[in-house]
Amino acid sequence: MCELLGMNSSKPAALNFSFAGFSERGGRTGEHRDGWGIAFHEASGCRLIIDDRPSIDSPLAQALKHHPVKARNVVAHIRKATQGAVAPQNSHPFTRVLWGTTWSFAHNGNLSSFRPAPDPHVVPAGETDSERAFCYLLAGLRRRFPVQPPSRAALFTAVQTMAAVIARHGSFNFILSNGDFLLAHCSTELHYVVRAYPFASASLVDCDLRIDFRQHNHLDDQIVVIATLPLTTGEQWHRLAPGELTLFAGGAPQAIHPGPGSDSGSTPLRLLMSY
């Protein structure tokens with residue numbers, strides 16, 4: 001299957017160290033040779049780069065290693081096709097605009113029986129189950145909150161409820177961001193690491209590269225990196241539980257407290273405290 005990479009940071013930050021290891025899995029240390037992509041949520045908007053070549057052979061991927069882009073939220077993906085041809089329109093992340101904001105989404109898994117009724121406002125451009133799931137999520141949010149974005153608690157609950165419905169059709173690990181925060185949902189395998197003071201040193205699993213984060217960060221920097229499988233040794237990765245949805249903001253997992261009138265649905269919230 002595919003693999004996911006995400007970042008949420010307290011300040012604009014570069015993901016080039018983690019991406020260097022992640023991109024190795026797109027054809028060298030992994031079998032994910034059917035395309036790759038990355039979405040950077042910058043202050044000026046969302047910058048999307050996609051390619052249907054393996055990341056290990058992609059000049060675009062190589063350029064990113066040497067000319068990193070700084071952003072507060074990043075969503076990346078390397079693809080092993082299960083549904084849909086190897087083509088740019090089927091490469092993740094997918095992006096759409098909702099409430100005047102660009103959302104990005106990447107999925108790992110296979111939703112073999114998920115074919116929801118199409119919504120005329122959010123139409124897939126490709127043939128993947130992943131893009132159908134993304135459109136289903138955004139269409140559901142648009143129906144629930146047609147005028148303006150809801151509170152984080154209400155949005156979290158709505159996404160949790162819809163994710164549980166989609167996950168009945170197969171594996172549904174995903175990362176979703178609107179540039180303000182990032183949501184990560186685990187169905188089978190998803191991990192995260194918090195990089196904060198006192199910073200550690202780490203070595204990539206997939207290539208011979210090591211970094212001392214103390215030399216590259218300030219005392220108040222805080223970054224969360226999310227990946228299907230841990231990318232490094234020397235730092236503590238946390239595994240999300242199957243069915244768990246986590247919201248990351250400011251470089252940390254956030255506790256969600258449903259307020260009065262929030263749509264709690266039938267699926268209980270899984271909460272993680274900030275630290």
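How many bridges pair strand S8 with S15, and in which sense do the two strands run? In this predicted model, strand S8 (residues 182-185) and S15 are paired in the antiparallel sense over four bridges. Within that pairing, Leu-182 has Phe-248 of S15 as its bridge partner. S15 also pairs with strand S16 (residues 252-253), to which it is joined by two bridges, again in the antiparallel sense. Here Ala-249 stands opposite Ala-252 in S16. The hairpin formed by S15 and S16 has two residues between the strands, and Gly-250 in this hairpin takes a positive phi near 65 degrees.

S15 itself is mostly covered, with five of its five residues buried. Leu-245, Leu-247 and Ala-249 point one way from the strand, while Thr-246 and Phe-248 point the other way. In a regular strand, side chains alternate between the two faces of the sheet. In S15 the residues of both sets are buried.

In soluble globular proteins, nonpolar side chains tend to be buried together. The largest nonpolar core of this model has 33 residues, and those with the most contacts inside it are Trp-103, Phe-105, Leu-141, Phe-172, Phe-174 and Leu-183. At least two residues of this core come from each of strand S5 (94-98), strand S6 (101-108), helix H3 (129-144), helix H4 (152-167), strand S7 (173-177) and strand S15 (245-249). Helix H4 gives the most, with nine residues. Leu-141 illustrates the contacts involved: leaving aside residues up to four places away in sequence, Leu-141 touches Leu-98, Trp-99, Leu-155, Ala-158, Val-159 and Met-162. A second, separate core has 23 residues, including Leu-5, Leu-15, Val-74 and Val-225.

Strand S9 pairs with strand S12 (residues 222-227) in the antiparallel sense over six bridges. S9 is also joined by two bridges to strand S14 (residues 238-239), and these two strands run antiparallel.

The axes of H1 and helix H2 (residues 59-66) come within 9 Å and cross at roughly 150 degrees. An angle over 145 degrees counts as roughly antiparallel, and therefore H1 is roughly antiparallel to H2. The crossing of H1 past H2 is left-handed. At this meeting, Asn-16, Phe-19, Ala-20, Ser-23 and Glu-24 of H1 face Ala-61, Leu-64 and Lys-65 of H2 through contacts.

H1 is mostly covered, as eight of its nine residues are buried. Among the buried residues are Phe-17, Phe-19, Phe-22 and Ser-23. Ser-23, which lies in helix H1 (residues 16-24), has a relative accessible area of 0% and is therefore buried. Apart from residues up to four places away in sequence, Ser-23 touches Ser-55, Ile-56 and Lys-65. Of these, Lys-65 is also one of the H2 residues at the meeting with H1.

Key
Residues are numbered from 1 along each chain as its sequence is written. This is a predicted model: local features need pLDDT of at least 70, side-chain atom pairs count only at pLDDT 80 or more; totals for chains, interfaces and linings use all residues. Side-chain values use heavy atoms; hydrogens and water are left out. Buried means under 20% relative accessible area, exposed over 50%, partly exposed in between (1.4 Å probe, protein chains only). Contact means heavy atoms within 4.5 Å. A nonpolar core is a set of buried Ala, Val, Leu, Ile, Met, Phe, Trp, Tyr and Cys residues joined through side-chain atoms within 4.5 Å. Two strands pair if DSSP finds at least two bridges between them. Axes are lines fitted to C-alpha atoms, for helices over the stretch in contact, and angles run from 0 to 180 degrees between N-to-C directions. Angles under 35 degrees count as roughly parallel, over 145 as roughly antiparallel, 65 to 115 as roughly perpendicular and the rest as oblique. A crossing is left-handed if the near helix is turned anticlockwise from the far one by less than a right angle, and right-handed if clockwise.
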